[in-house]
Amino acid sequence: MSCYSLKLFYALLLLLLHAAGSILGFNSLPNSTEIKCIQTERQALLNFTHGLKDDSGMLSTWRDDGNNRDCCKWKGIQCNNQTGHVEMLHLRGQDTQHLIGAINISSLIALENIEHLDLSYNDFQRSHIPELMGSFTNLRYLNLSASSFRGTIPSDIGKLTHLLSLDLGGNSYLHGQIPYQLGNLTHLQYLDLSYNYLDGELPYQLGNLSQLRYLDLGGNSFSGAVPFQAGNLPLLHTLGLGGNFDVKSKDAEWLTNLSSLTKLELSSLHNLSSSHHWLQMISKLIPNLRELRLFDCSLSDTNIQSLFYSPSNFSTALTILDLSSNKLTSSTFQLLSNFSLNLQELYLGDNNIVLSSPLCPNFPALVILDLSYNNMSSSVFQGGFNFSSKLQNLDLQNCSLTDESFLMSSSFIMSSSSSLVSLDLSSNLLKSSTIFYWLFNSTTNLHKLSLYHNMLEGPIPDGFGKVMNSLEVLYLYRLTGMLPKSIGFLSELEYLILAGNSLEGDVTESHLSNFSKLKYLYLSESSLSLKFVPSWVPPFQLESLGIRSCKLGPTFPS
């Protein structure tokens, strides 16, 4: 189950605890008596919005006028259908919808009965999480992830003893040590502190959280010993650890008791490669794992061979394997192709893999393959690189690929022509239009293509737009010449990023009239002239437009 799915599960679980018929923003009793929100709580919510910028309309219903005074009907609010107290505040942002500005969570202190507080995925511009968080004693669910909070984790969060789920992950300005008081949250089932700037030793009190199912501490700078002992965290199914831990043999024993573990992620444990006992314990877990990530752990081919020492040890359950940023060579790639009949995602980027001859690896179920930042010679694709027939995403960024890598032969067959939807060939050594002809004959269902940071010269074939008409995202840099009107055939485009090129000539409505789905248009740092008739109404609604250094006018659509 993915991290997002788990968060959604716990959120839905709390919703189901309320009486049947309670719907977000609307509450009614069987006798049709309408419960309205409490005045002090409405004022607390209005105070909370002070200083926030809401361009996306997340707070559009939060108004204190005659027709909208009932805060129980405001978007993101749920009240108890008997008392009228606010029990849920759910303002999770999205890619293009989020709140911006410094906030004062303390202004919500009047919401004494709140059980669910989600302010994740917003931009609160390095606001602090206040010590007063400990006053929300009825909270069951607290999510402040990915919202640009700064400072330290307040120790008073340890007073929220009813918490089932706590997520403070993805706040890169959140620093300091984990307060030992979090060990008081003995009902906690979900804890995510990943991808912050936390450091120091893990408090041994975390071993008290015996109800944890999900624990992610990855992407931090922790040090010292792993404090868990045999018998701790017996219900854990997801574990993420990251940092410069002192990996000792005795600290690995507790791993063997994690019988429910299905996902294991260890990052930046650089001495893992020298700990035979830890590798041995991980090897014993593999038959039950669905997802294993060991990235930036200085692992060698020998280490991987010790983990997958026989075909029987390569679990039929394992579908995701991430060994990025290690010291692996092509022998590990070959080893995995022999044991990986059920792998759906394989990440081997940033290793020492050199593929110098045609390969036919056996990955029949593979959907995502990342070989970026490795080295491929010109002969790898000769005879047809035998991709999985299910492959959708292929990342070959910075692999020293040249035009010779994509020369067509009469016997060339690309088995993934109908499945591949995303291809990254950026930061290679491509020069000519050879790559475009290879794409014509290799795959026609691409939605995303990245070719930036190459050395492409010469014309893009006119037929490119006609054949590749399923493209939604196209990245092209270092381009010269004029923008062909045939680009309009790419009618599914959502992102068109042509900034930083040497393009010249005119861009008129005839170039853009087929782009009904266009969201992002970047033409900056070029010599293009934008010439539109004033009455032209674009068929798209842009969310972002970059035209710096372009020539505008004399007219522009209103």
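The model is predicted; local features need pLDDT of at least 70, side-chain atom pairs count only at pLDDT 80 or more, and totals for chains, interfaces and linings use all residues. Residues are numbered from 1 along each chain as its sequence is written, and side-chain values use heavy atoms, with hydrogens and water left out.

Rolling a probe the size of a water molecule over the atoms shows where empty space is left. Pockets and cavities were found on a 1 Å grid over the protein atoms alone. A pocket is an open set of points with protein on both sides within 12 Å along at least five of seven lines. A cavity is a set of points where a 1.4 Å probe fits but cannot get out. Lining residues have an atom within 4 Å of a point. Grid points are joined across faces, edges and corners, and a volume is the space filled by probe spheres set on the points.

The largest pocket holds about 380 Å³ of space. Its lining comprises 23 residues, and P459, I460, L479, M482 and P484 lie nearest the centre. Two or more lining residues come from each of α7 (464-467) and β23 (480-482). The largest share, 3 residues, belongs to β23. Helices (H or I, at least four residues) and strands (E, at least two) are DSSP runs, numbered from the N terminus. By class, the pocket lining has 15 nonpolar, 5 polar and 3 charged residues. Here Ala, Val, Leu, Ile, Met, Phe, Trp, Tyr, Cys and Pro count as nonpolar, Asp, Glu, Lys and Arg as charged, and the others, Gly among them, as polar.

The count is 1 cavity of 30 Å³ or more. The largest cavity has about 40 Å³ of space. Its lining is formed by S432, S433, F436, L456, E457, G458, P459, I460 and L479. These divide into 5 nonpolar, 3 polar and 1 charged.

Individual loop residues were then examined. Buried means under 20% relative accessible area, exposed over 50%, and partly exposed in between (1.4 Å probe, protein chains only). L168 sits in the loop between β6 (165-167) and β7 (173-176). L168 counts as buried because its relative accessible area is 0%. L168 and L193 are 25 residues apart along the chain, with their C-alpha atoms separated by 5.2 Å. N469 occupies the loop between α7 and β22 (473-475). At 39% relative accessible area, N469 is partly exposed. N469 and E492 are 23 residues apart in sequence and 6.9 Å apart in space, C-alpha to C-alpha. L542 is in the loop between β27 (527-530) and β28 (544-546). L542 is partly exposed, at 31% relative accessibility.
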